[in-house]
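Work through the exercises below with the sequence and the coordinates open. Each task is followed by a solution in steps.

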Amino acid sequence: MDSSLEKMVDPTLAEMGKNLNEAMKMLEETQREVDEEREKKKFSRKDIPGPLQGSGQDMATILQLVQNLMHGEDEEESQSIRLQNVGEQGHISLLGHSLAAYISVLDKERLRKLTTRILSDTTLWLCRLFRYENGSAYYHEDDREGVLKVCKLVIHSNYEDYATEGFNVLQRKLPVLYISAASRTGLGQYICNQLGLPISCMCSVPCNTMFGSQHQMDVALLERLIKDDIDCGKLPLLLVANAGTPGAGHTDKLVRLKELCSQHKMWLHVEGVNLATLTLGYVSSSVLAATKCDSMTLTLGPWLGLPAVPAVTLYRHEDPSLSLAAGLTTSQPVEKLRALPLWLSLQYLGHDGIVDRIKYASQLSQRLLENLKKLSSIRTSEMITKRKELTFTGKSVGNILGDIVLAIVEDEFNSPVVVFRFVQEQPKSALNGAQYQTAAAQESIKGSESEIGDALNRWLGEQLGQLVPASGIDVVELEDEGVCIRFSPLITAAVLNTKPEHVDQLAEHLKAKIPILISTLQLREEFKQEVYRTAGLLYIEDLNWPGLGAIRYEINNEDPDPEKHLMEMEKIATGLLKKLKELDSDLLFSTGPEFGREKNAIYIGMVTDNLDVPELVETIAATGKEIEESSKLLENMTEIVRKGIVEAEQQLQKASEAKLLEEGVLRQIPVVGSVLNWLSPVQSSIKGRSFNLAGGFLESTENVFATKAQTSGGTPPTTPTVAHTKHKLPGQKMFRRSSKTPASDVISETSSVSHTEEVEESQAIHVTTRLDIENVHKPSAQLNDDLELPSDCDTDKPDTNGVNIQEVHPSSVPAEAEDLEKESLR
């Protein structure tokens with residue numbers, strides 16, 4: 001085609017043919033692409049998500065997506081902090097997971113040898129580190145799975161036909177599992193659900209209420225429970241004890257518990273954060289007893305700051321077949337690779353690195369505990385335990401002596417978990433008055449004080465956590481003490497990179513918050529009584545509010561419609577809250593907790609000791625009254641204007657009719673009326689009117705044309721304003737007591753008063769000398785036995801009436817005093 005075009009003589013025709021050929025090729029190529037795209041759509045699925053469509057994403061895109069999911073819209077600073085907290089030992093642990101995935105593709109024989117070596121090495125190292133001789137290890141992701149597998153092992157050991165008959169064997173003799181009441185929440189229910197056991201198989205053992213810590217298991221009561229279950233035909237199987245309770249970090253009496261379990265052929269399992277101290281050179285005897293137990297669960301990840309490492313359950317059992325049946329051991333090499341991250345991390349840290357990390361966390365706890373002992377209003381868990389009265393009812397002499405010896409040993413050991421609480425001591429006068437109250441009244445007062453204390457401690461814990469986030473402070477609720485603040489560096493220090501200066505900052509912030517807590521607690525009752533004495537305010541009793549209190553402004557509304565009344569209350573409460581927030585004060589006003597039960601209430605936050613409670617209550621009441629009267633004024637004004645408009649329309653209608661009668665119909669026609677008015681002008685008697693919006697009535701416009709200014713015949717009632725009797729100095733916040741003002745302020749007020757007295761005295765001198773009509777020629781004269789005239793006064797100046805009068809004009813002194821007085825009032 002191209003050669004034929006080139007042979008053509010006419011170049012124009014040749015160019016046209018060439019362009020047509022190129023255009024046809026372009027059209028054919030576009031059609032081919034459309035056909036290929038249509039062919040692809042025939043075999044593609046519309047329900048495939050976007051990232052999976054096509055030939056896949058490149059690695060950079062995928063990693064960018066992971067980064068966005070990890071950090072969201074956070075800045076690079078937060079990202080660097082997170083990577084720094086992982087640390088190099090964390091990268092070793094993460095490497096272990098990648099290596100485990102890579103090793104799993106090896107041939108079976110080599111994989112078996114490698115996993116056996118890794119598993120045996122890690123188990124040996126952990127048993128030596130935690131003083132657990134001749135033990136086996138089970139590695140699991142969920143830290144509750146270890147005690148679950150142990151329960152299966154115990155059931156298989158005590159019921160021979162359990163593997164074949166299942167739950168039918170358990171019906172003959174129902175098993176019983178004992179768990180401390182201070183254990184983690186939901187552990188017993190989790191075990192029963194996973195094993196298919198009824199909840200009745202789980203027995204919660206109360207903590208010690210007779211002697212020592214309130215978070216230790218009551219051994220004597222446990223012994224009675226076991227005997228009662230045996231008498232009922234049940235089979236006690238397992239006891240879960242704590243070496244560091246989840247809340248307070250206390251350790252059970254493991255020596256006596258082990259003796260009791262050996263007596264009744266029960267399995268003793270121990271867990272808790274205090275087990276980490278087994279790696280140290282000095283170990284408390286109460287924790288060291290855990291090495292003689294049948295099994296223990298270790299959570300090395302938080303203790304050593306290792307991410308994504310499994311928990312480990314060390315146990316002793318002689319029958320490997322039962323361990324295999326219970327799932328504690330496995331024949332799958334891939335499952336044995338769970339120990340690989342720990343195998344790498346333990347080698348990287350070494351013995352010294354492991355001991356140093358646990359010792360460092362214990363030192364942080366001791367550092368905080370020493371600072372807490374210096375604060376009078378702070379009670380730690382150990383202090384609360386020592387203050388408890390001792391009772392020995394129902395115990396033998398041997399048990400009593402055993403409790404005393406164990407308590408002395410445990411008091412010498414300080415748990416790495418520090419639990420403290422703000423406690424305000426009552427004055428002696430209040431304690432003496434409480435002796436004459438009934439038991440019910442004392443119990444009610446004690447309950448109220450406990451709820452208020454819980455609210456204050458919850459606020460304190462949240463504030464400390466926000467001020468020092470690296471400390472890892474959290475709030476816990478204990479059964480006997482109530483809401484407490486917990487510092488557990490073994491769980492948080494490695495992850496948050498907690499340092500000694502963070503502990504010092506925590507102690508300083510705590511010391512600064514204590515006066516606020518004390519003043520708030522002391523002023524709550526004064527605020528309550530002041531609100532009761534103030535009309536229009538209703539005190540709301542909310543013991544869970546960590547602040548001065550809550551009030552509600554009650555309106556004087558006789559409207560029977562409850563919805564309208566509620567809307568009016570809400571409107572005034574919103575306006576009152578807005579007005580209070582605009583005041584120049586240090587107080588925090590809010591609508592209360594997010595899920596609070598009280599509506600249209602105003603909650604006042606924490607306060608200091610220089611708060612002027614009467615002034616605060618008076619201001620709230622006056623502001624609420626101002627808003628209420630302003631609202632009523634607006635409603636009344638609206639009603640008056642509406643009635644005035646109706647009345648004005650009637651008057652205008654009457655004026656229009658009178659005009660029609662006076663001028664006639666012809667003058668109302670536009671063209672005819674103008675001609676008639678030009679030929680015969682008419683003096684109309686109709687006066688101009690204007691509508692007064694303030695008064696809601698019509699008035700004549702004569703004054704407007706006469707004076708060129710509209711004067712109002714009626715004035716609305718004045719809007720009330722809040723009257724503050726106290727004058728604040730520049731920079732001084734509202735609601736401060738005058739007694740707390742600086743000395744310079746007191747001097748300023750005193751000087752202003754003295755200048756005022758000088759003005760009054762000078763005026764008295766002037767009046768007295770005006771009334772004195774006698775000529776005084778002596779060097780000095782005594783007036784009214786109080787005021788003495790100077791000797792150089794001009795006494796010869798005659799009066800206008802010819803009477804010789806002595807005058808004193810202290811004009812400069814009153815002017816200066818007046819200026820100083822105005823300045824002091826500002």
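**Exercise 1.** What percentage of the 826 residues in the protein chain do buried residues make up? Describe the overall fold content as well.

Solution. The model is predicted. Step one: buried residues account for 40% of the 826 residues. Step two: the secondary structure of the protein chain comprises 28 helices and 19 strands. Step three: take the contacts between residues at least 6 apart in sequence; 70% of them join residues at least 24 apart. Step four: the chain exposes about 48500 Å², and carbon and sulfur atoms supply 54% of that area.

**Exercise 2.** Locate L375 and decide: is L375 buried or exposed?

Solution. Step one: L375 sits in the loop that runs between α16 (340–373) and β8 (378–380). Step two: its relative accessibility is 14%, and the limit for buried is under 20%, so L375 counts as buried. Step three: list the contacts, leaving out residues up to four places away in sequence; L375 touches L510, K511 and I514.

**Exercise 3.** Characterise the second largest pocket: what is its space, and which residues and elements line it?

Solution. Step one: the second largest pocket holds about 600 Å³ of space. Step two: its lining has 29 residues, and those closest to the centre are D143, R184, V273, T299 and I491. Step three: β6 (295–298), α13 (300–304) and α21 (489–496) are the elements that give two or more residues to this lining. Step four: α13 gives the most, with four residues. Step five: sorted by class, the lining has 12 nonpolar, 11 polar and six charged residues.

**Exercise 4.** How many disulfides does a search of the whole structure find? Check C192 and C293 individually.

Solution. Step one: the search of the whole structure returns zero disulfides. Step two: for C192, the nearest cysteine sulfur belongs to C201 and is 6.2 Å away, and C192 is in no disulfide. Step three: for C293, the closest cysteine sulfur is in C261; the cut-off is 2.5 Å and the distance is 8.0 Å, so the pair is too far apart for a bond. C192 is buried, with a relative accessible area of 1%, and C293 is buried with a value of 0%.

Terms used: Residues numbered from 1 in each chain as written. Predicted model: local features only at pLDDT ≥ 70, side-chain atom pairs only at ≥ 80, totals over all residues. Heavy atoms only, no water. Buried < 20%, exposed > 50% of the residue type's maximum accessible area, 1.4 Å probe, protein only. Contact = heavy atoms within 4.5 Å. Areas by Shrake-Rupley, 256 points an atom, 1.4 Å probe, with all protein chains shown as cover. 1 Å grid on protein atoms, 1.4 Å probe; cavity = no way out; pocket = protein on both sides within 12 Å on 5 of 7 lines; lining within 4 Å. Points joined across faces, edges and corners; volume = space filled by probe spheres on them. Nonpolar A, V, L, I, M, F, W, Y, C, P; charged D, E, K, R; others polar.
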